[in-house]
Amino acid sequence: MLNVMRGDIDPAPQAAKPLPYDVVALVLQGGGALGAYQAGVYEGLHEAGIRPNWLAGISIGALNAAIIAGSPEAERIERLRKFWESICAAAVEWPVGEGLANAMPFAFDLRSAHNALAALRALLQGQPGFFKPRFPPPFLSPFSGNAATSFYDTSPLQQTLERLVDFDRLNAGQVRVSIGAVNVRTGNLTYFDTAERRLGPQHFMASGALPPGFPAVEVDGEHYWDGGVVSNTPLSRVLSSEPRDTLTFQVDLWSARGRVPNDLMEVSSRQKDIQYSSRTRAITDQALRMQKMRQALQRMLEMLPDGAKQDPEIRAIADMARHRSCNIIHLIYQSKIYERHSKDCEFGLNAMRAHWQSGLEDIRRTLADPRRLDPPAPELGIVTHDIHRRD
């Protein structure tokens with residue numbers, strides 16, 4: 001098994017760094033093969049001594065969360081490598097090998113074609129440890145159920161999760177895990193949360209069951225699809241929790257910002273970016289409005305006589321109006337110029353390494369300024385940092 005960027009690893013990780021927050025959350029968006037970017041971000045956090053105590057994910061973000069929360073702290077990076085090397089390996093290697101693009105003098109031009117071949121290979125052959133094509137295909141299937149409603153069988157993913165994830169550790173409560181999935185019958189987004197129930201492989205597979213590629217997953221008598229069908233980020237899950245001081249690392253795989261397309265291929269790629277990008281600005285704007293409302297309530301409560309402040313309903317309002325500090329570190333994968341609309345399906349080792357390295361570099365750049373981890377000023381309450389943002 002090949003290793004990811006062994007020569008690029010920095011010195012041993014720091015011990016856990018104390019931070020002035022009740023919650024340190026890692027929020028992971030869905031995005032298929034692009035999810036290796038999130039693994040790179042986590043490696044950078046780990047080496048900096050930052051240990052999230054709440055992991056929230058959807059789709060591939062949920063799978064990354066399972067590996068992190070279900071591994072001993074010292075083994076998290078290695079388990080992430082094993083996971084990504086496993087699902088990005090080629091079941092049957094095609095004549096154009098992984099190293100050919102880098103060996104040619106016009107390698108830049110070949111990378112797009114090479115990644116497209118990796119996507120085509122995944123489409124036709126599946127990916128080891130992740131999914132395999134159904135035969136016959138669903139439109140020819142004589143059976144109903146999964147065989148007639150999805151193109152791929154995801155039972156290999158269950159085996160991978162059972163091999164790499166210690167679910168007793170994941171459910172032990174040391175790290176909270178929340179993952180989003182859509183109830184197929186009701187159309188509602190549901191969160192499976194270790195604060196409320198024990199999670200197993202089926203919950204994580206449900207969060208990543210994107211139709212029509214993957215079948216719906218049954219949990220407690222209901223069927224679920226990928227949470228990205230409704231919302232591709234669980235940021236609101238974290239921000240809507242009870243008032244606590246929170247540092248959130250929001251790791252997105254799709255950028256809402258981009259240039260106007262020049263051809264139909266770019267149209268398809270840009271459409272995906274917009275469709276699956278997080279509505280982080282809308283969510284943070286709503287959180288800021290709530291913060292201003294809490295501040296207004298606090299000012300009104302201060303005007304009440306002391307006796308009225310002891311009323312149970314007034315005390316409940318005072319609890320809701322409690323000040324909270326929220327710092328959002330926003331990291332967004334920036335597509336390479338040679339990547340096209342199939343970038344989320346390009347499960348090749350070269351593409352995976354590039355995504356991983358991008359995440360590692362972005363979080364290192366972010367943490368290079370330690371002030372980004374400071375709580376916001378009390379009059380603000382909420383602050384957002386994004387190294388890629390220009391306005």
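I began by noting that helices (H or I, at least four residues) and strands (E, at least two) are DSSP runs, numbered from the N terminus. I was working with a predicted model, in which local features need pLDDT of at least 70, side-chain atom pairs count only at pLDDT 80 or more, and totals for chains, interfaces and linings use all residues. I kept in mind that residues are numbered from 1 along each chain as its sequence is written, and that side-chain values use heavy atoms, with hydrogens and water left out.

**Entry: the whole chain**

I looked up the secondary structure and found 14 helices and 11 strands. Of the 391 residues in the chain, 51% are buried, where buried means under 20% relative accessible area, exposed over 50% and partly exposed in between, with a 1.4 Å probe and protein chains only. For contacts (heavy atoms within 4.5 Å), I noted that among those with a separation of 6 or more, 75% join residues 24 or more positions apart.

**Entry: backbone exceptions**

I first reminded myself that most residues other than glycine have a negative phi, and that most peptide bonds are trans. Asp-220, in the loop between β7 (217-219) and β8 (222-226), is not a glycine and yet has a positive phi of about 50 degrees; at 70% relative accessibility it counts as exposed. Ser-59 also has a positive phi, of about 60 degrees, and is found in the loop between β2 (54-58) and α2, but Ser-59 is buried, with a relative accessible area of 11%.

I then looked for cis peptide bonds, and one runs from Phe-135 to Pro-136, with omega near 0 degrees; Pro-136 lies in the loop between β3 (132-133) and α6 (146-149). Another cis bond runs from Pro-211 to Pro-212, with omega near -5 degrees, and Pro-212 lies in the loop between α9 and β7.

**Entry: Glu-346 and helix α14**

Where does Glu-346 lie? I found Glu-346 in the loop between β10 (326-332) and α14, and at 2% relative accessibility it counts as buried. Leaving aside neighbours within four places in sequence, Glu-346 is in contact with several residues, including Ala-33, Asn-115, Ala-119 and Ala-351.

Helix α14 covers residues 349-367, and its 19 residues reach 27 Å from first C-alpha to last, close to the 27 Å expected, the expected span being 1.5 Å times one less than the number of residues. Because 14 of its 19 residues are buried, α14 is largely enclosed by the rest of the structure.

**Entry: the lining of the second largest pocket**

I looked up which residues line this pocket, with lining residues being those that have an atom within 4 Å of a point of the pocket. There are 38 of them, and Leu-210, Gly-213, Phe-214, Asp-344 and Cys-345 lie nearest the centre. A pocket here is an open set of points on a 1 Å grid over the protein atoms alone, where a 1.4 Å probe fits, with protein on both sides within 12 Å along at least five of seven lines. The largest share of the lining, 4 residues, comes from α5.
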